[in-house]
Amino acid sequence: MEEFLKPGTIVKGTVSGIEKYGIFVNLENGYNGMIHISEISEKFVHDINSYATLGSQITCKVLEVDNQMKRTRLSIKSLKKSEMKKINFSELKRMLPIWIKEKMEEIKD
């Protein structure tokens with residue numbers, strides 16, 4: 001039986017493309033998704049490349065899904081703090097410099 005994704009599911013995928021407007025992600029079971037730039041962070045995103053690199057693993061939440069086409073709309077910023085605990089340490093290591101940079105910019109303002 002084929003597995004279907006549901007909105008609200010936390011998924012891990014591989015970054016397959018980066019554009020000015022978002023991050024493309026390959027998920028399990030042949031699904032593909034996109035994280036629109038507005039779904040990356042609560043803060044203004046100056047450079048998407050500081051949030052993801054091609055081939056890296058990324059954890060995100062499914063917002064919408066078309067199971068027939070195997071396409072999803074994904075979000076990083078909608079992950080709740082309790083869900084963030086599920087992210088592995090390599091993801092935290094990758095995100096730490098980004099969070100520090102965001103806080104430093106916040107302090108400047």
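This is a predicted model: local features need pLDDT of at least 70, side-chain atom pairs count only at pLDDT 80 or more; totals for chains, interfaces and linings use all residues.
Let's start inside. The largest nonpolar core holds 20 residues, and those with the most contacts within it are Ile23, Ile35, Ile40, Ile58 and Leu74. Two or more core residues come from each of strand E1 (10-19), strand E2 (22-26), strand E4 (57-66) and helix H2. E4 gives the largest share, 3 residues. As background, nonpolar side chains in soluble globular proteins tend to be buried together.

Beyond its neighbours within four places in sequence, Ile23 touches Val15, Gly17, Gly33, Met34, Ile35, Ile40, Ile48, Ala52 and Ile58.

Thr72 counts as buried because its relative accessibility of 8% is under 20%. With neighbours within four places in sequence left aside, its contacts are Leu5, Leu27, Tyr31, Asn32, Gly33, Met34, Val62, Glu64 and Val65.

Now to the outside. Leu96, Trp99, Ile100, Met104 and Ile107 make up a nonpolar surface patch, and together they have about 500 Å² of accessible area. Leu96 belongs to helix H2, residues 89-108. At 47% relative accessible area, Leu96 is partly exposed, because that value lies between 20% and 50%.

Here are the two relative accessible areas side by side:

| Residue | Relative accessible area | Class |
|---|---|---|
| Thr72 | 8% | buried |
| Leu96 | 47% | partly exposed |

How values were computed. Residues are numbered from 1 along each chain as its sequence is written. Side-chain values use heavy atoms; hydrogens and water are left out. Patches are made of residues with over 30% relative accessible area and no salt bridge: like charges are joined within 9 Å, nonpolar side chains (Val, Leu, Ile, Met, Phe, Trp, Tyr) within 5 Å. Accessible areas come from the Shrake-Rupley method with a 1.4 Å probe; for residues, only the protein chains shown count as cover. A salt bridge is a side-chain nitrogen of Lys or Arg within 4 Å of a carboxyl oxygen of Asp or Glu. Helices (H or I, at least four residues) and strands (E, at least two) are DSSP runs, numbered from the N terminus. Buried means under 20% relative accessible area, exposed over 50%, partly exposed in between (1.4 Å probe, protein chains only). A nonpolar core is a set of buried Ala, Val, Leu, Ile, Met, Phe, Trp, Tyr and Cys residues joined through side-chain atoms within 4.5 Å. Contact means heavy atoms within 4.5 Å.
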